[in-house]
Each structure stands twice: as structure tokens, then as C-alpha cells.
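Hi everyone, thanks for coming along. Let me put the model up on the screen, and then we can walk through a few places in it together.

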Amino acid sequence: MRYDGTVSPILSIGYQTQEIAWNGQPLTLTLKEDSRQLEEVIVVGFGTQKKENLTGSVSQVSMDEVLGDRPVTSAAAALQGAMPGLTIGGGSGPGQSKSFNIRGTLSINGGSPLVLIDNVEGDINMLNPEDIESVTVLKDAASSAIYGARAAGGVVLVTTKRPKSGTNFNLNYNFNVGWEKPINVLEQASLLEYIDAYQVAGYTQTYWAGNGDVAKWRDYLVQYKKDPSSLNTIGDGIYKDTDGRVYWLSEKNIYDNILTTGFLNNHNISASGGTDKIRFRLSAGLSKENGPLYTDKDSYYRKNISAFVSADVLKWFTQEITVSYSDAKKKMPERVGNMGDFYSTRLVQYYPEGNMPAEIIGTDEELPTQTPMNMIRYAPVSTTRTAIPRISTRSIFKILPGWSVTAEYTFDRKDVNYDFYSGSFKYADCQLAVKNSIEAGQDYYKLQDEQTRYNAFNLYSNFEKKWGKHGFKAMVGFNQESSYYKLFMGQVKGQTAPSVPSFEGGSGEKLLQDSYSEYAIRSGFARLNYSFNDRYLLELNGRYDGSSKFPKNSRFGFFPSVSLGWRMGQEKFMNWSKSWLDDFKLRASYGSIGNQSIDPYSYTPAMNVGLDTVWLDGNDKVSVISLPGLVSSTFTWETVNSFNVGFDVSAFNNRLQVVFDWFKRKTTGMLSEGIEIPSVVGAGAPLQNIADLSSKGWEINLSWRDRIGNFSYNIGFNIYDSRAFIDKFNNESGFVDRNYVGKELGEYWGYVSDGYYTIDDFVLEDAQKGVWTLKDNVVSIQGVVPQPGDEKFKDLDGDNIISPASSTLSDSGDRKVIGSKTPRYQFGANIGVGYKGFSLDVRLQGVGKRDYVLGGAALFPFAGSSASDAVFQPLFYNQTDYWSAVSYDPNDPDFMKAKNPNAKLFRIYDQGNNVTSNTRASDKYIQNAAYLRVKNITLAYSFPKNWVQKAFMKDAKIYLSIENPFTFSSLPKGYDPEGNEYNEIVWNYPYYRTISLGANITF
């Protein structure tokens, strides 16, 4: 401490921070116990609760803690792994929207959490993370039932920053700049390995691209590798032989070539403060991101502004208003017409980059080759603009001490504009043919406008009173919401002025489409809390919901919940633990919520109107109206019943925090086709409330924080698991590939591997003649003539024939459940240390167990394709250990004896005839998709206050942050375990690492 009168903080874990001025004289200071961990205020529906009084399953994080100094522009991305039970998905890419899930599958019809921004539904992906104060997740029915029908999948409450009364004026500016590099890229085998496998597979010796002789190609490649100047190549390693045949000699990673270094920068400024009567906060944010794809066609640009003002107009009346505006522009290259896919796995790595020489393709000019790099270079670009203006008002009337009435109104408008022109360009394809990306006259201009107008009104009253040992809190309210959506799309072909595409300039076919939908919700809700002696807790919730998405006779539903809590740690018989146990609370809850996650008009028979040539010759079209669908007269809510038990522990002066929950959720009356309809009816079966699903799981959150002198540290870990099963479904035949009673969602059915067929399984005399006759009692495969090196499977049904039989539960043949793609044991962790202004924070996230069937190009040589297509497929780095024989000569004693009996992959000789059998789903090739990802590492330094005060600043910090520095996964290269927006693991827009530098300054 300084003894010149400077104010210094006194900190100790478990006690309140105190600031004092010391003049060098002896000082006695009494530390005050810090009970804020228990008294922490948690945001709940239409109110707040002290953490110690919570009885439902609720998690809350401060956005400043999970965001910190990370180089992310998405609040959802920052939340990944931060709370147990909350899963964040959505793929990768600039401006990529993220999706939420709470505690696993809710219904076979879907159902995501309700995301509320200051009590009103909104898009968190468009929010500036710097404007968010906290994020609360309501997981069980007891905590989320207050929001009724939309909250069946849980609730995510986003609370924006609002200063308190008497807050000093603060002006804050922070920025970061970052560089992005992909972390996972496909890798093919070497070109020599590819040619060797191509020859083993027995494909034609005249190569399909360039007509070169394969054996000669191999010799040229070896020569070129030793001395590139020995061959007179043109372009990118293209050699044209004297006989006119073309050979490809340049190796490269065509997937790495589409990637470069991206750039990111964020700027945020805010001003806040308040007197005893007026509080305000103004903020603005600017985010720019140019992703790591080659060129600058993948970009995202977002602007955010917001203003909040709260005024105590009278002692009993407070008026608040929040105005915000978000504007984003996203650009992405698009594949159209005949173009090759940017992420195609079909191209062999020899294919030349740049332009194909004119003499090779016999044209007057060079043309771009069909590599992914060229496809991106010449690809047309779509532009999506999203604008969201939002205004919210809140009027608070303080009727009596402890009694208030609040009225809220929010208007939110979302405009999405999509603009795209396909253009057209020429290129040379893999077989040296000249193609157009879009055929002449078929180029098109497309414009699409979407608009959503959303109105929400809440009126509710809160009352709180304590009489002796009895504490009461009551809330009653009314909610009315409406949403109107409309879409208009126009498309016109044949632009006369391609440089300035427009509808007026289109000379070809025009297409116009429009649609709209709307729905409304009207609800009444109430909550009652009772506590006795601050130990015994009771909460009752109820909501009466009406939704226009259902028929009038089944439009309303009542959804109640109850929860109990016992602060057992405060009982006298627990006095023995007072020296280390701060609080121990048991919780239990049960509740029912309706699910309205369906289309607004599902209960109404609809007829589609369109143009078709079905009854006419030529291209003339007439208007066609389809038959109306069948609709059940009993169409109504799906109902979600939830049971939850758990406990909370605070110990060692609140250094240790433990929260555990076990839950079971049952969804009844799920909408599904209830009966089988003959095809002559001309319509599908109507949806009826006839299916049930149940899920159960658990979650735990542990944290520890402490300080030793100038050194502080914290550790946190959370993990959650959930499984879902079908309890009721109309599948009378019991087909295993459909939902059936007892099915675990996400399960894979497949065969059990039993090694490879060997020459000893066959009659040798026949085999030497090219006839593959299995010996008696050797299991055969239905519809397949096995050969040595083919996959062999276990005969589970004992009939000595491998088959799926009728694929029913009673007759599943030789298939069984071999795994599940449902992510299990999802976890997150954080570690932080601090010393004299320096801090280091590390965040981890991952999945402990998940199976995934990749197949195709990810696992199998030549993509596991049939002979007619396999010849065009490449060979990847993980596909070179395939079964092969010592000799293929029938007269050799080693005929068809395995050279590598423990090979990872089946045979590829005579590739085409059994490849479908060899690549069928089996336990051998199912992939372990579990992973651990280090999400972020941040090193920061906060300058001493006495330094920055000389520069008229309150605080100043600089930092270095790395997002996604390390990933540990057993999946093949290029396949990221987090998956895309559909939770599929595919080679697509890659995840990337971001290294950023930044500063945070407060005046």
C-alpha cells in the first residue's frame, strides 16, 4: 500500500472488498464477511430472486466474465460451454447465426428455447455482446412455466446493461484487431499413393482426364519430383506428351489453397452514469470480419447503437425507455448452375490451379480450371442485409412499499434483404470440357425481402412483504404478443446489362412469389413465493395461455408448476458444519408447459397454387391447385411435463460453489401422422397428438476461487448429460428405421464387424478359376459374392446369411444398435490466475462421448463409390492402409493370402463389385466424435490506477487473446467435431483460430 493518501483496495476471498486511504500510521481494519454469493440477485421471469431463495433450476453468468477480452462478435459464441445444460450450435463463418438447446431433445417436431431480451423475444445474434449485462438460463418447468407455451424448451433471459442510481460518469472505449487462420483442413494421399491405389483397383490404364497412360504417368511423376526442369511443363505442372496425351505433375493441397488469413476488428464505445433520479447509458459498436476464405467474398459487417434512459419522474413513478438499432451486412460466395462445389471432395489434388492453357483444351483462350480456388475466385456473391430497430418502454408505479405495477411495451421490426446475381463465366472442367457456370440466357437476378413486425405488451404487479419469519412474494400479470411476417421474392433471367442487374433489365422468364403469416398470444400468469424462517421455500407458478396456432376449441391451456426448497445448512443440527459450510440447499420441482413450436396454420387445410406443365406439351404452363391436406379435429398442444431435483452448496467462505440437478422431462401428445392413408386418397395422413417422448439427465457445476496475497486464482467446471426415448408412436410394423417405442433418439443401427474374408473361407480350386465359392458354415452375405479382403460380419440371427431381414424390431436380421450421434457428457471449464495486474484466463469446451457415421470420402478409398463413379474420386491420407494380397496369381502358393491381415480398410482390387457391402454401416467404421477444444486463452495486463489517473483515466488494460488455439479429436483431418448448422459433421466452411490484440480504456 502507498502511504501518501492514495485510496487502495483491501481484498480477501470470502470478505467484502474495502477501499481505504492510508497515511502511514498504524491501521486496524475489520474484514466484513461477504455474503453476496448467497444474496446474488438472479433474473427470473418478470422479476428477480436472491440466489439463496431459488427453488428452480437456473444458471446465470455475467457477460463480462464469459466474454472478457475474447475476439468474438457473437454473444452466443461466447456462451458456449459456460453453463451446464446449454448447448450452442450453428457452424462456422463470419456472421454465422448460432442456435440454442437446453437439456436435449424436446420433441420430434423440434422446439428451441425462448430467447428474451429484457423480457421480450429477440435475436441475440444481432446484439452487441458489450451491451449485455448477464444471461440467465431457465431450465426446468418451475422456472420457465411463467412464460408458458413458448418456453417448453427452456428460456434464455438476456439482460442489457443499465447503470444504477448515483453512478459516476464513465466513458469506456475498447477495441481489438485479430487475424484468422483455419484450424482443420482436408488432406489427400500423395499422388504416387493415389496412382498405386488406382492401379490396384484395376481401373482402365487410360486415365479419364487427359487420356494419359497411368503407368507412364507414374514414371513422369517420379521424374518430375527429382528434377522439375527435366520435363517441359506448362501452366501448373501440365505436361503434354508427344502423342498429345496430357499428364498432371503438380501436387498441392487444393483445400488449403482456398484458405488464407482473415481479419477481424471490433470497436465499442459507451457512456453511462446517473444521479439519484436519472440514469443513462449510450453505446455504439462496430464489428468487421473478413473470413479466411480466399478472396474477400466472405465478410460480415455489423453496426449497433443503443440508448437507455431511466427517470424517477415522481417518488412513486419511474419511466424507462430503451432504443436500439442493429444493422448487419453479410456477403458469401455462392455456387450456381454447373459450377464445382467449393468444398467438393471429388477433385484429385493434381488438378492445376490458375488457368488451363488454350492448347490443352483446344480453345482460343485460357480458361479457369475447376478447382475450388477458381470456383471461389469467379463465384457470384450474395449480399444479405439485416436491420433491426427496436424500442422498449417500461413504466413502474410504486403503489406502496413492497408493491409495484409495471407496464412494458416493445416494438421490434426485422428486415432481411437478400440480393444476388448469378452472372456467368467459362471454365475448363476436370475432363477438359469447356463449360459455362450458367447456360446462355439462364443467368438470373434474385431479390428477396422479408419483414417481421413484432409487438409485445406486458402488465404485471409484484408484491413483497415479510411478517416475522414468514416471507411472501407475489406476482400477477397479463401478456399480449403478435407477430406478422411477410416475404416477397422476385427472380428474372437473362440480364441485358450484367454489370447492373435489375428486374427491368431482365429479358427472360420472370418468377414472383410472396407469402405471409401471423400469430398472436394472449396470456395471464401468476407466481407466489413463500419462505419460512428463510429455510423452507415454496414457489407456485401458473400461466393460462392462448395461441392462434391452434383451433378455437383447443386454443387455450393452463400450465402450472410447483417447486420446493430446504436450506438444510441453516438448521441447528447442521451447526457442526458452520466453520466451513456456508449454505446447503435441497430443491425439487414439477411443472407442465405447452409446446407451440409449429407452423401458424398447421390446423388449417391448405391448397398450393402454382404453375406447371404437367398436362401440356412444351414449355407452356398453366395454374395448378393442389388438393387440400387432411387435418385432425382434435389438433392441440403438445404438453411437456418436467421433474427436477437438485442441491446447491456454498462452502469455505463461498470459495467453493456446487450446483447439481437431475431431471426427467416427458413430452406427451406430440404431433405425428396417426393413421396410414391409401395413396388413392391423394393426401398425407393428418397430424394428431399421438406420440410421446421422454428424456432424462443430470448436470453439475463446480467452481472455486481464492486469493493468496497478491495472487488470485479460479477454477470452474461444468458437465451435463441427457438421453431421449420414444414412449409412444404409431409404428405398428415396428420398422427400426422409423421412430418406435423404446427407440433412443440419435441411435445408429448397423452390422457388427467380424474381420475380413480370407482365402481359407473359400474353396481353393474354385477360387483359382475365378469362382468364389464359400465353404460350408462360412457366413454369406445376401446379394453379394464375397472375395478375400471383403468385410465380414457377425451372424446375429443365426441363419448363416448376413441381411437386414425385414428391418423390424421382431426381425432385424443381423443389425443392431451400434452407437448414437447424440452428444453425451457435454462439458466446459475455465481456469484463471491473476498477479499484480496480470491475468491469464483459459476456457475449455467439449463433448465426452459421441458416435458418428461419416462414410464416403471421409473414410473409404475412392469415396466407397460404385465402379462407375469411383474412378473419378480421390484418395485421402487415411485411406492407404487397405487390404491387399501377397499374390493375385492363382498358381502362386501365396495366392490371395493377406499381405496385411490387420489392415484398417477392406480390399480395393476389383473395387466396384462389393463396395456397397463393405461400406455399409458397421461398428468398425463408426467414428468417435468426442472432442476437447481450448476455446480461448487470454493474457491481460491492467495498469496500476495511480499510473492511469495521471493520464486522466480510471482504468486501462491491454490484452492478447487466442480463440480456438487447440482442438483434440480423433476424426479425420478436415472434419470438425462441432459440426455445421444442422449438427452434421462434414467438410464445409472451416472453423478458424483467431489471434487478437486489444485494449480497454475507461475515463
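Let's start with a question: is Asn53 buried or exposed? Asn53 is buried, with a relative accessible area of 19%; buried means under 20%, exposed over 50% and partly exposed in between, using a 1.4 Å probe and protein chains only. Asn53 sits in the loop between strand E4 (47-50) and E5. Setting aside neighbours within four places in sequence, Asn53 is in contact with Leu537 and Lys585, where contact means heavy atoms within 4.5 Å.

A quick word on the source. This is a predicted model, where local features need pLDDT of at least 70 and side-chain atom pairs count only at pLDDT 80 or more, while totals for chains, interfaces and linings use all residues. Residues are numbered from 1 along each chain as its sequence is written, and side-chain values use heavy atoms, with hydrogens and water left out.

The open sheet has five strands in the order E5-E10-E11-E8-E9, with mixed pairing; strands pair if DSSP finds at least two bridges between them. E8 (residues 114-117) and E9 pair in the antiparallel sense over two bridges, and Leu116 has Glu121 in E9 as its bridge partner. Strands here are DSSP runs of E, at least two residues, and helices are runs of H or I, at least four, numbered from the N terminus.

On to the helices, my last stop. H5 (residues 191-200) packs against H6 (residues 214-226) at an angle of about 165°, with the axes 10 Å apart. Axes are lines fitted to C-alpha atoms, for helices over the stretch in contact, and angles run from 0 to 180 degrees between N-to-C directions.
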